[in-house]
Amino acid sequence: KGWGIRSPELIPRGSFVCEYVGEYISDDEAESRGIRYDNQKMSRLMDVYGNGRDAVHMCIDARHGRGRFLNHSCEPNVFKQRVFCDHHVRLPRIAFFALVDIPPRVELCYDYGYVDVPGKTMPCLCGAKSCKKLLY
Ligand SMILES: C[S@@+](CC[C@H](N)C(=O)[O-])C[C@H]1O[C@@H](n2cnc3c(N)ncnc32)[C@H](O)[C@@H]1O
């Protein structure tokens with residue numbers, strides 16, 4: 001799975017964990033970077049959708065950002081949430097919050113929610129009892 005994140009301290013349920021920080025890029029740019037990242041079997045792209053009539057759809061590339069080391073788990077202890085700041089509804093930020101009380105040193109993981117990719121699969125190594133065995 002590569003690098004992951006653990007906290008040395010207990011994280012109480014509902015607490016803010018961190019933000020998914022990176023470069024906001026267009027769908028087209030994400031498409032081309034996605035092919036490269038898929039070949040490397042290491043993606044740091046996340047879709048982000050705004051609200052309302054002028055909603056924007058973009059991607060965050062966290063390659064040089066923060067929050068990118070959270071791995072996927074089929075039994076997650078963290079969830080992602082769109083966060084609207086400064087009354088800016090067209091394009092939110094993405095933040096992670098604790099789904100349960102997370103004891104110290106337990107890996108922080110969320111459900112990537114990947115959809116099937118035609119002709120491609122990636123094994124899931126989360127190790128959870130209910131693991132679906134594939135990320136996509
Ligand atoms: C956003 S990065 C997570 C951090 C990554 N482990 C690293 O070292 O940079 C996403 C990538 O981590 C790996 N990964 C995350 N969760 C995984 C899992 N449950 N099983 C297998 N690979 C996983 C995959 O290569 C995926 O494309």
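A polar contact is a pair of N or O atoms within 3.5 Å; within protein, one must be able to donate a hydrogen and the other to accept it, and residues adjacent in sequence count only if both atoms are side-chain atoms. The views show a predicted model, in which local features need pLDDT of at least 70 and side-chain atom pairs pLDDT 80 or more, while totals for chains, interfaces and linings use all residues. Residues are numbered from 1 along each chain as its sequence is written, and side-chain values use heavy atoms, leaving out hydrogens and water.

View 1. A polar backbone atom of Lys1 is 2.4 Å from a nitrogen atom of the ligand. A nitrogen atom of the ligand also lies 2.8 Å from a backbone N or O atom of Leu125. For Arg44, a polar side-chain atom is 2.5 Å from a ligand oxygen atom.

**View 2. Residues around the ligand.** The ligand is surrounded by 19 residues (a heavy atom within 4 Å). The closest are Lys1, Trp3, Lys41, Arg44 and Asn71. The shell has eleven nonpolar (Ala, Val, Leu, Ile, Met, Phe, Trp, Tyr, Cys and Pro), four charged (Asp, Glu, Lys and Arg) and four polar residues (the others, Gly among them).

**View 3. Lining of the largest pocket.** The lining has 24 nonpolar, eight polar and eleven charged residues.
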